[in-house]
Amino acid sequence: MRILLVEDEKGLSGYIAKGLKNGYAVDAVYDGEEALFEYEVNEYDLIVLDLNLPKKDGLEVLRKIREKNADIKIPKKQDRKVHFFGPVFPLFLA
């Protein structure tokens with residue numbers, strides 16, 4: 001499984017990536033433009049997307065991804081977990 005992690009706080013990103021790398025390939029990027037570039041050139045099974053990002057915010061990234069892939073699955077609101085560091089919403093592609 002390949003995961004794209006989009007989180008602008010590098011310390012937090014490293015912490016999340018470390019946990020995900022136990023069995024998964026993780027590409028970490030730090031802004032919305034990088035996220036869209038990586039999405040264009042790679043295939044991901046899961047995207048963990050922060051909403052508050054520099055350059056392009058998470059909602060704009062999500063809109064652009066959905067324009068290209070209308071079948072993308074997004075967890076229902078009740079399935080999203082808010083962690084102590086704020087909301088991080090996974091986007092399921094497979």
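Me: Which residues of β3 are buried on one side and which on the other?
Reply: In this predicted model, L46, V48 and D50 are buried on one side of β3, and I47 and L49 on the other. Buried means under 20% relative accessible area with a 1.4 Å probe, protein chains only. Strands are DSSP runs of E of at least two residues, and helices are runs of H or I of at least four, numbered from the N terminus.

Me: How many residues of strand β3 are buried?
Reply: The count is 5 of the 5 residues (46-50), so strand β3 is largely enclosed by the rest of the structure.

Me: What are the limits on such values?
Reply: Local features need pLDDT of at least 70, side-chain atom pairs count only at pLDDT 80 or more, and totals for chains, interfaces and linings use all residues. Residues are numbered from 1 along each chain as its sequence is written, and side-chain values use heavy atoms, without hydrogens and water.

Me: Turning to α2, which residues are buried there?
Reply: G32, A35, L36, E38 and Y39 are buried in α2. Seen down the helix axis, they fall within an arc of 165 degrees (taken from the directions from the axis to the C-beta atoms), so they line one face of α2.

Me: What covers them?
Reply: The cover of the buried residues of α2 includes β1, β2 (25-29), β3 and α3, where contact means heavy atoms within 4.5 Å.

Me: Another topic: where does the charged end of K10 sit?
Reply: It sits over the ring of Y30, 4.8 Å from the ring centre. The criterion is NZ of Lys or CZ of Arg within 6 Å of the ring centre and within 35 degrees of the ring normal.

How values were computed
Buried means under 20% relative accessible area, exposed over 50%, partly exposed in between (1.4 Å probe, protein chains only).
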